Amino acid sequence: MIRTPTIAELPQVFAIEQDVFQYVVYPPFLFRQALDLWGEWLLIDDDCANGFAGYALGAPSLDDHEAWLLSLAVRASHRGRGVGEQLTRALLDSLRRRGFRSALLTVDPANAGAVRLYQRLGFAIEREEAEYFGPGEPRLVMRAQLG
């Protein structure tokens, strides 16, 4: 089930962040503030039997017509089951309902599976930045039209 987490569940969201991204993670307080700022765009896949399968986080841009998918994280034990696609679709649907015309994201170009997922969902590569997050951290910037 895709839904917004409660405050009490935020440590579980942070645990996913740590499991998936390991050495470069958003701090726990970001998830707390994201819940207040963009609650409908902080989504979890609540697998019930095994805890949370993953999360997605979106945020509005300074441009009133575009938003960002800031993070998509799926536990290794749940990959290949459509969790990332479901979370991304739910987030994009929510952004579309709010009137955003496009969504952007960044992805490691070496993460071929994620690039394919985003392309399947309508994202196209807009540019590549060799040091988007600093030295040795290249990213593709991708955009999808939501209209």
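Predicted model: local features only at pLDDT ≥ 70, side-chain atom pairs only at ≥ 80, totals over all residues.
Local features were kept at pLDDT of at least 70 and side-chain atom pairs only at pLDDT 80 or more, while totals for chains, interfaces and linings use all residues. Numbering starts from 1 along each chain as its sequence is written, and side-chain values use heavy atoms, with hydrogens and water left out.

Seven strands make up an open sheet with mixed pairing, in the order β1-β2-β3-β4-β5-β7-β6. Helices (H or I, at least four residues) and strands (E, at least two) are DSSP runs numbered from the N terminus, and a strand pair needs at least two DSSP bridges. β1 (2–3) and β6 (124–129) sit at the edges with a single partner strand each, so one side of each has no neighbour in the sheet. β5 and β7 (residues 139–145) run antiparallel and are joined by six bridges; S102 has Q145 of β7 as its bridge partner. As for helix packing, α1 lies on the sheet and touches β2 (42–46), β3 (52–60) and β4, contact being heavy atoms within 4.5 Å. The direction of α1 makes about 95° with that of β3 (lines fitted to C-alpha atoms, for helices over the stretch in contact; N-to-C directions, 0 to 180 degrees).

A pocket here is an open set of points on a 1 Å grid over the protein atoms alone, where a 1.4 Å probe fits, with protein on both sides within 12 Å along at least five of seven lines; lining residues have an atom within 4 Å of a point. The lining counts 38 residues, with V20, F21, L72, N111 and Y118 nearest the centre. β4 gives the largest share, seven residues.
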